[in-house]
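Here is a short briefing on one protein model. Look at the structure first, then read the points below.

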Amino acid sequence: MAPDRFGLEHFQLVLLRRMADHQPELVDDALRDLGSSHAELRDAHKRWQARLHSRTFPGGARRYRTALGPPESVREQKVGDLTCEALLWPLPLWPDLRFEVLCSPGGTAVWNEWLVRAPGAPAPVLRTADDLTPWSCTVDDAARAFPPAAPLPPDAPSRSVLSLTVPRAPGRTIAHFTWGLLQYVDPPRGG
């Protein structure tokens with residue numbers, strides 16, 4: 001990997017870097033699949049962060065186009081009264097998922113960035129708390145399977161937290177996601 005280039009293989013490492021905080025064993029397996037090392041993971045993260053803080057690196061959706069190339073698809077998406085553009089990129093590490101960037105029309109402002117289920121990919125079967133295993137589902141998968149789901153404040157920009165209504169659980173189940181992919185679930189809390 002050329003040190004001055006930053007592409008898809010590097011970007012997958014950036015996503016894995018934050019997931020390593022919660023699922024180091026799964027990240028180790030993914031690194032083996034990618035033929036990458038922890039040193040390469042750290043280097044990719046460091047280089048991405050430097051780019052994000054550089055005054056010369058493009059902002060908005062252009063930063064992702066620069067790193068990932070043209071998106072697989074671009075569609076208009078409504079979020080409440082807001083109209084966004086949703087840009088989707090495939091990632092070899094997660095073939096049933098896409099990296100989605102939700103941005104303002106024209107891509108000048110990025111509002112959300114995370115992994116989502118690929119169009120046409122089968123959703124996971126989620127019926128009980130036991131089905132909520134690490135990397136088994138996205139935020140949208142969990143919210144659809146266990147309504148009503150309520151977002152809770154995350155502890156970092158790349159993270160999401162959902163309070164879920166899981167059948168036969170003694171209270172609300174709190175699910176923690178990094179880049180939109182489930183990392184772990186807290187024990188149920190009282191209703």
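**Briefing: cores and sheet**

Met19 touches Val27, Trp94, Leu115, Trp135, Thr178, Trp179, Leu181 and Gln183, leaving aside residues up to four places away in sequence. Contact here means heavy atoms within 4.5 Å. The model is predicted: local features need pLDDT of at least 70, side-chain atom pairs count only at pLDDT 80 or more, and totals for chains, interfaces and linings use all residues. Residues are numbered from 1 along each chain as its sequence is written, and side-chain values use heavy atoms, without hydrogens and water.

**Nonpolar cores**

- The largest nonpolar core has 31 residues.
- A nonpolar core is a set of buried Ala, Val, Leu, Ile, Met, Phe, Trp, Tyr and Cys residues joined through side-chain atoms within 4.5 Å.
- Buried means under 20% relative accessible area, exposed over 50%, and partly exposed in between (1.4 Å probe, protein chains only).
- Leu16, Met19, Trp94, Phe99 and Leu115 have the most contacts inside this core.
- Helix α1 gives the most to this core, with 6 residues.
- A second, separate core has 15 residues, including Phe146 and Leu162.

**The sheet**

- 4 strands form an open, antiparallel sheet in the order β1-β2-β3-β4.
- Helices (H or I, at least four residues) and strands (E, at least two) are DSSP runs, numbered from the N terminus.
- Two strands pair if DSSP finds at least two bridges between them.
- The edge strands, β1 (73–79) and β4 (110–117), each pair on one side only.
- Strand β3 (residues 94–103) pairs with β4 over 7 bridges.
- Arg98 has Val116 in β4 as its bridge partner.
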